[in-house]
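Opening my notebook on this one. I want to look up a few spots and jot down what turns up.

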Amino acid sequence: MKLPEEMETVKKIGVAIIGLGTVGSGVVKIINEKGEKIKKRYGFQLEILDCSDLERKRFEDLKESGYECGCFYTDAYKMVENTKADIVVELIGGFEPAKSLILKAIENGKSVVTANKEVVSRSGEEIFDLALEKGVDFFFEAAVGGGIPIIRPLKEMLVANKFSYVAGIVNGTTNYILTRMSKEGLDFNSALLKAQELGYAEPDPRADIEGDDAQAKIAILSSIAFNSRVLKDDVYKEGITKITEKDIKYAYELGYCIKLIAYARQENEGIHAFVRPALIPMNHPLAAVDDVYNAIYLSGDNCGELMFFGEGAGSLAAGSSVVADILQASFAILKGCKGQETKCSCFEKVKLLPMDAFSSKYYLNLKAADQPGVLAKIAGCFGEAGVSIASVIQKESHGETANIIFMTHKTTEMRMRHAIELIKSLEVVESIENSLVVLDEEVL
Ligand code: HSE
């Protein structure tokens, strides 16, 4: 029998968690449940020393279920100030106070792990600079794609590539809504209600359905893919609220599906980055990504085309990515090379191009008088704007009016907007129902 002093001491890495909500509670569970595996594989133990939340009940519930989560604080600042942990994990989301807590933890010499897309996509540079100065690490794998490993693969595994574009379905809520509209013929509001009933959509769903969530995620992805900082607020965005079940049906008849696509492309002149509902070919791998699933599709000069697919949100899926980051930060601490992983990958300064300069095909759904000469007038507007029509289909007639669907050849967004302005001003045109970008084989 070994005496206590002869017993091998297992190294411990202390962790402090801010926020015991969906992701935070998942992280607590995973650290507790996978502790033994981590110890056997790496020879050290993760120990949750402290955690904080506005609600003590979440902590009590976790303790009651047998999960060890250290000391509890309601005041996150106090926890960050007092904790002896090596790593602080920020999981409250939103911009503030999350950003200040992250900066405070870094100031105090802690490596930081977060799932916070808002903070990374708006203040990444400031945080990276401070982390570098303080010699600590800053990781954020769960900020994009939840349980899908994409940040580190893009930063490290795929570093030997130049990417022409990154395209993703990075918001599960909107993907669920569009899938239900497509598969069950539901209208937008019914599909949203269903998403809310199932807990996929928030009671206030604006950040998802208006594209803000995906906007932050593509800002992060494009910054890494093109090594040049793209800020969230500079990314053009449109949400899905104007998509109707008719658009989905018409797109399907033309061989496309409608997805909320987060897209970034590097061209000689600069970077295009946007989030918008788009028609994509039914045979593209992204078209098969349904319900709440996420996927990120990349094209690199050496690796070719790749798609990362999986659960984009959820307690354990996002928790899995957070724990991977905690381990990464732990390795650096144990090897004595803390802070060396945190070199910001944005070493270029490439201009972000305006949406107007983007070239693609377009879909236009309008309602116009069903009488002789109407089509010629509309075609004249396209011609005047320099947009070439690829196909036109007249759909249902409603007495005196009819839905007409146009598909254009490749043109710029600026020309397309000009064409729409001219068409809108025609007396025979009742309404522009929808205008959507078509991302097909030339750009996707
Ligand atoms: N609200 C997001 C979604 C998950 O619906 O995918 C968190 O980023």
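This is a predicted model: local features need pLDDT of at least 70, side-chain atom pairs count only at pLDDT 80 or more; totals for chains, interfaces and linings use all residues.

**Thr-83 and its surroundings**

Skipping neighbours within four places in sequence, I find Thr-83 in contact (heavy atoms within 4.5 Å) with Ala-16, Asp-50, Val-88 and Lys-110. Residues are numbered from 1 along each chain as its sequence is written, and side-chain values use heavy atoms, with hydrogens and water left out.

Back to Thr-83, which sits in the loop between H4 and S4. I take helices (H or I, at least four residues) and strands (E, at least two) as DSSP runs, numbered from the N terminus. Is Thr-83 buried or exposed? Its relative accessibility is 6%, so Thr-83 counts as buried; the cut-offs are under 20% relative accessible area for buried, over 50% for exposed and partly exposed in between, with a 1.4 Å probe and protein chains only. I also see the Thr-83 side chain reaching the backbone nitrogen of Ala-85 at 3.1 Å.

**Helix H5**

I checked helix H5 (residues 98–107) next. Seven of its ten residues are buried, so H5 is largely enclosed by the rest of the structure. The buried ones are Ala-98, Lys-99, Leu-101, Ile-102, Leu-103, Ala-105 and Ile-106. What covers them? The cover includes strand S1 (11–18), helix H4 (76–82), S4, S5, helix H6 (117–134) and S6. Just past H5, Gly-109 has a positive phi of about 85°.

**Strands**

I traced an open sheet of six strands, parallel in pairing, in the order S3-S2-S1-S4-S5-S6. Pairing here takes at least two DSSP bridges between two strands. Strand S3 (71–73) and strand S6 (138–139) are the edges, each pairing on one side only. Inside the sheet, S4 (residues 87–90) and S5 (residues 111–114) run parallel and are joined by four bridges; Val-89 has Val-113 of S5 as its bridge partner.

Elsewhere I looked at S14 (residues 389–398) and S15 (residues 401–408), an antiparallel pair with seven bridges. Ile-389 is bridged to Thr-408 in S15. The hairpin has two residues between the strands, and Gly-399 there takes a positive phi near 70°.

**Cores**

How many residues does the largest nonpolar core have? I get 77, with Phe-138, Phe-140, Ile-177, Leu-221 and Leu-279 making the most contacts inside it. (A core is a set of buried Ala, Val, Leu, Ile, Met, Phe, Trp, Tyr and Cys residues joined through side-chain atoms within 4.5 Å.) Helix H11 (residues 212–225) gives the largest share of this core, seven residues. A second, separate core has 41 residues, including Ile-169, Ala-369, Ile-423 and Val-437.

Beyond four places in sequence, contacts of Phe-138 include Ile-102, Val-112, Phe-128 and Thr-342.

**Ligand shell**

Last stop was the ligand. Around it (a heavy atom within 4 Å) I list Lys-117, Asn-171, Gly-172, Thr-173, Asp-208, Asp-213, Lys-217 and Ala-313. Ligand oxygen atoms lie 2.5 Å from a side-chain N or O atom of Thr-173, 2.8 Å from a polar side-chain atom of Lys-217 and 3.4 Å from one of Asn-171. Alone, the ligand exposes 260 Å², of which the protein buries 77% (Shrake-Rupley areas, 1.4 Å probe). Helix H8 (172–184) and H11 are the elements giving two or more residues to this shell.

How values were computed:
A polar contact is a pair of N or O atoms within 3.5 Å; within protein, one must be able to donate a hydrogen and the other to accept it, and residues adjacent in sequence count only if both atoms are side-chain atoms.
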